[in-house]
Amino acid sequence: MSSIDQKKQNEIGFVSNLLLNFMFLVCVVLCVAPLLLVIAISVTDEKAIRDNGYSFIPAVFSSKGYDYLLTAGDAIWHAYGVSIFVTVVGTILSLFVICMYAYPLSRSNFKYKNQFAFFAFFTMIFGGGLVPWYIVYTQMVPIKNTIWILIVPYLMNTWFMMIMRTFYKTTVPESIIESARIDGAGEFRTFFIIVLPLCKAGLATIGLFCTLNYWNDYYLPLVFVSDSKNYNIQYLMYQTLNMVQNLLSSSNQAMNVNEILANLPSESVRMAIAVISVGPIVLAYPFFQKYFIKGLTIGAVKG
Amino acid sequence: MDSATALGTPAVKKKKNGLLYQLRTNWPLFAMLTPGVIILIINNYIPMFGIIIAFKRYRFFGSFFESLIQSDWIGLKNFEFFTKTPYAFQMTRNTLLYNAVFIVLGLIIPVFFAIALNEIRSKRLSKLYQSFIFLPYFLSWIVVSYLAYSLFSIESGFINKNILAPLGIAPVEWYSESVYWPFILVFFQLWKYTGYNVVVYLAAISGIDPEYYEAAEIDGATKWQQIRLITIPLLQNLMIILTLLAVGRIFNADFGLFYNVPRNSGSISSVTMVIDTYVYNALRNTNNIGMASAAGTYQAVIGCITVFTANLIVRKIDKESALF
């Protein structure tokens, strides 16, 4: 009891508390405001945007942006589908690759664990750079024009692998593995039936790391994809924003600006795409936050 | 194996330690490693050999390895051309300076925030603030570029239309005025990553034994003294290690930030071009493999040296935290 009382007394002063709270309130506003602005634009009437510019409070409310997405956004939904496919398949496959690679490295009696660990770590120290990497995927591995180009390069991630190894080391006692072996279970059986179920938190953490990696990826399509059938939602957004810039920068030449603006994908539609691309992450944010904190804690303490 | 024989270790023991014996008895473990090894070879190790592209006039001869061998050697020509461009200095300066600023602010601000979040009286508010500050980390750079665009767009951006116009200030052509970009880029980098770093430091703070604080309080230490004499010294190792690892990667810029937020606008490239964006543009937009590979190799080699050095120092401080 007395220790609880003491803890209550061991606090910062009233004024400092107030100041810190105020500071964090400002930070929260800074973090959320740009997102709110994009949401506000997505529900603002097109003409109101042209007259008043982007604003936090829609001058004239309109759901046209979302109506357009629902009725005419074939390319958008296709890209959305590509993103979902890549994220689901990519996450499952890379969980598989990462968890299997990390497991032998966590076993103290595996003789070559340091060699294989270094084989992975070395890629964090030295790399060939973009050019040879690009050439390998365009000229050696023939997947440039398939959806696999958005999955394969991210299958193995050394940093995630190291975190998973720590998960194994801290949650699976060697004695359990040893007793499974004595009971006659093979390595694969032990791994899938005993070890993995014990590491559910680790699987969730690494799985969410991979999910975010795949969902937010714009880099692989930026480097490799030329065929619009393999655009994911991020890259589609990138293209949409750029299209506007290119058209406007050539606008002084012949056409008049209004004519171009009339043909553009409307401002609210563009922001509506941004909103639906962030949607899944915001909806699942409590999970993301919980498991990322778990993973970062392990990564920070031992990584 | 050879040294074992030389030392006169019994033959049985030698056999048990041999690779073949290990492969036979532990084959499931090797099998588990295989998918990862294959991906690492394709994705990382084969491209490492591709570094010789920088010393060749690369032409395509039907297959990757054939092209690698058959292309003509031109020695350091690519590097000579590269260093003669004004970009070589510019991109190196930008990469180093931006990263230096990111490292300093990425240390001070998150540590301050983490300590402050830990000290705020209401734990529920503290959790809430943390959730909001962490949120930007989960947005893609493309989304961040949309957010930036909605603020800075020349025709209808929030700042031009709803802040400057009411004040009677003429609209600013944000995407072509280079003076603002160092601040904008630093802002968005901090905006996206501060929450992430705060979480890392908060995790370390929550690992501190509360008995230290209780004892200090009994001795009459003020809150400020406790922070200065307990919290910060106990965070010191983590601070040094994370900073050193960041210094090791000082030649690697965040491509997403420098490419997407300024939207690859040419007129501000003198302050937004970093090595990574130059390499990308040289390869994909101007199709200059020679220049791109020269810049990429330059970055890879120097980057390797800095990472290696930083890691050596980290190892001296705390062996567990070193990368290797």
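Me: Which domains is chain B divided into?
Reply: Domain 1 covers 2–75 and domain 2 covers 83–321. Keep in mind that this is a predicted model.

Me: How far apart are the C-alpha centres of domain 1 and domain 2 of chain B?
Reply: They lie 36 Å apart. The contact takes five residues from domain 1 of chain B and six residues from domain 2 of chain B.

Me: What classes are on the side of domain 1 of chain B that touches domain 2 of chain B?
Reply: Four residues are nonpolar and one is charged. No polar residues are there.

Me: What about the secondary structure of chain B?
Reply: Chain B has 17 helices and two strands.

Me: And what radius of gyration does chain B have?
Reply: Chain B has 26 Å, while a compact globule of 324 residues would have a value near 20 Å. Along its principal axes, the C-alpha trace of chain B spans about 80 × 65 × 35 Å.

Me: How much of chain B counts as buried?
Reply: 40% of its 324 residues.

Me: Switching to the partner. How many residues of chain B are in contact with chain A?
Reply: 85 residues of chain B are, and they meet 82 residues of chain A. Helix H4 (residues 27–49) of chain B gives the most to the chain B side, with 14 residues. By class, that side of chain B divides into 53 nonpolar, 23 polar and nine charged residues.

Me: Which residues have the most contacts inside the largest nonpolar core?
Reply: Ile98(A), Met164(A) and Ala295(B). That core has 162 residues. Helix H5 (residues 74–106) of chain A gives the most to this core, with 13 residues.

Me: What does Ala295(B) touch, not counting residues up to four places away in sequence?
Reply: Its contacts are Phe82(B), Ile275(B), Tyr278(B), Val279(B) and Ala282(B).

Me: New topic: where is Pro132(A)?
Reply: Pro132(A) is in helix H7 (residues 130–140) of chain A.

Me: Why does Pro132(A) count as buried?
Reply: Because Pro132(A) has 26 C-beta neighbours inside 10 Å, and the cut-off for buried is 20 or more.

Me: Leaving aside neighbours within four places in sequence, what is Pro132(A) in contact with?
Reply: Pro47(B), Gly50(B), Ile51(B) and Ile53(B).

Me: Last one. What separates the C-alpha atoms of Pro132(A) and Asn216(A)?
Reply: They are separated by 24 Å. Along the chain, Pro132(A) and Asn216(A) are 84 residues apart.

How values were computed. Residues are numbered from 1 along each chain as its sequence is written. Chains are lettered from A and ligands numbered from 1 in the order in which they are written. This is a predicted model: local features need pLDDT of at least 70, side-chain atom pairs count only at pLDDT 80 or more; totals for chains, interfaces and linings use all residues. Two residues are in contact if their C-beta atoms, placed from the backbone, lie within 7 Å. Helices (H or I, at least four residues) and strands (E, at least two) are DSSP runs, numbered from the N terminus. Ala, Val, Leu, Ile, Met, Phe, Trp, Tyr, Cys and Pro count as nonpolar, Asp, Glu, Lys and Arg as charged, and the others, Gly among them, as polar. Domain bounds come from an automatic or database domain assignment. A nonpolar core is a set of buried Ala, Val, Leu, Ile, Met, Phe, Trp, Tyr and Cys residues joined through C-beta atoms within 7 Å. A residue is buried if 20 or more other C-beta atoms lie within 10 Å of its own, exposed if 12 or fewer, and partly exposed in between; C-beta atoms are placed from the backbone. The radius of gyration is taken over C-alpha atoms; the globule rule is 2.2 Å times the number of residues to the power 0.38.
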